[in-house]
Amino acid sequence: MTITKVFLNEDEIPRRWYNIAADLPSPIQPPLGPDGNPLTPEALSKIFPMNIIEQEASQERWVDIPEGILELLYRWRPAPLRRAVNLEKALGTPAKIYYKDESLSPPGSHKPNTAVAQAWYNKQFGTKTITTETGAGQWGSALSFACSLVGLECKVFMVRISFDQKPFRKIMMQTWGGKCIASPSNETEAGRRFLAKDPNTPGSLGMAISEAVEAAVTDPSGTTKYSLGSVLNHVMLHQTIIGLEAKAQLDKLGIKKPDVVIGCAGGGSNFAGLAFPFAYDKINGDDIEIIPVEPTSCPTMTRGIYAYDFGDTAGMTPLLAMHTLGHSFVPPPIHAGGLRYHGMAPLVCQGIVEGLMAPRAIGQIECYEAAVQWARTEGLIVAPESSHAVAAAIQEANKAKEEGKEKVILFNLSGHGAMDLSAYDRYLSGELQDHALPQEEIDRAESELKDLPKPEVKKTGKW
Ligand SMILES: Cc1ncc(COP(=O)(O)O)c(C=O)c1O
């Protein structure tokens, strides 16, 4: 009999996170302050609590997960590893397609893996309110959920286009006690500036980050901190529980290693969460193809520039060395709201520069076709973001068929799409189109970045 689900008991949950910073053959470039010098922990302490700043800079390979965080994670973890046998049959592929099912958390995605950790560390530190931004609403609902578990206030700036397209996410946030504000808003200086420039702007994650950072640093009591749901090192760290669980589950099946590992990438966290523990094996000699997937309309990794850039539109965050489309980039209003970000996690970018990871861009029509095929074979209606990983898994399964190879493909199903049905509606009624980013946008990014410091491109040439 074919095994299609592998579970772990609570006592089998990984008790340490994996920090790839300890193993990347060339280290990532440090974040820089406005003066162009490496950022000090003190400078960051206006934005984040010190316990998280320490984690951000950690070079330890293994970081213990505090018992208090494990207890929060037990609400839905360990998450199952599943095998998509029905899709395999439909494709007629000899490949075995496994996936981590991150749709089972209460908010419906991988985001709470770091949300509960960040809320817990903030609570320990004495924070009273956390501010953040959200694209599709997954992160805002995850952080609202996490804050409700530990007893913190949560204020979420939600990108205007998603606020209008996805009202149910706002209701989820409110149900968990979070406050959700459409961004740009009149609540911050930055928001008022963006609105003055374009009152009808659809907003962007970059703008919403500017607002959330400002709301944190201008609180005179000092008890408001900001939290980011992706991009930063500590977020990647918290998400590695996904890949560490997957390793234990593949081990139970007697599978020594996957041949291909796939995740969609907006800021990089669900991809990194699954992929980094396998990148560790690749660094140590295993042959594994590792593929972060992005939309052709927001091609940060495949067409962006490797540069120092701000994480937000107003230039309030530190400068990060990453692939970027420029901080003023306003992506086309595609439905995968969580993949509409101009930058990418520096740890993922260094993996790309090093050649450990090979990014791929896929158009939204192919992604929705894949999502519908998935729904009609495996059942779940996946998040528009996750459909990019499904589409890449199908591409790889078809390639295995052409090559006649029995490959093991592993991907991250980062969330369900039950709150994204309006996007499916538009696809099913033939209203969606593919967007390829025009070259002028890349040229605009080049000129926007030309006066910022340049990171060194460091690679060993091993991969
Ligand atoms: C379901 C889902 N998958 C993926 C992403 C992309 O984020 P990241 O690259 O940090 O995993 C998001 C972001 O909102 C999301 O909601």
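The questions and answers below go through the sheets, helices, ligand shell and backbone of a predicted model.

Local features are given only at pLDDT of at least 70 and side-chain atom pairs only at pLDDT 80 or more, while totals for chains, interfaces and linings use all residues. Residues are numbered from 1 along each chain as its sequence is written.

Q: Which residue of strand 11 is the bridge partner of C264?
A: Strand 10 (residues 260-264) and strand 11 run parallel and are joined by five bridges. In strand 11, the partner of C264 is V293.

Q: How many residues of helix 15 are buried?
A: A residue is buried if 20 or more other C-beta atoms lie within 10 Å of its own, exposed if 12 or fewer, and partly exposed in between; C-beta atoms are placed from the backbone. Helix 15 (residues 346-354) packs through its buried residues against elements including helix 11 (233-239), helix 13 (269-283) and strand 11 (289-295). Its buried count is nine of nine residues.

Q: Which helix supplies the largest share of the shell around the ligand?
A: The ligand is surrounded by 21 residues, each with its C-beta atom, placed from the backbone, within 6 Å of it. Helix 6 (138-150), helix 13 and helix 17 (384-403) each supply at least two residues of this shell. The largest share, three residues, comes from helix 13.

Q: Which residues in the largest nonpolar core touch the most other members?
A: A nonpolar core is a set of buried Ala, Val, Leu, Ile, Met, Phe, Trp, Tyr and Cys residues joined through C-beta atoms within 7 Å. The largest has 89 residues. Those touching the most other members are I262, A275, V348, A393 and I409.

Q: Which residue of strand 7 is the bridge partner of T131?
A: An open sheet of four strands has the order 8-7-6-9, with parallel pairing. Within it, six bridges join strand 6 (residues 129-134) to strand 7 (residues 153-159). The partner of T131 is K155.

Q: In which loop does the proline of the cis bond from S183 lie?
A: Most peptide bonds are trans. The bond from S183 to P184 is cis, with omega near 5 degrees. P184 lies in the loop between strand 8 (179-183) and helix 9 (189-197).

Q: What is the phi of V231?
A: Most residues other than glycine have a negative phi. V231 is in the loop between strand 9 (224-226) and helix 11, and is buried, with 25 other C-beta atoms within 10 Å. Although V231 is not a glycine, its phi is positive, at about 70 degrees.

Technical notes: Contact = placed C-beta atoms within 7 Å. Pairing = 2+ DSSP bridges.
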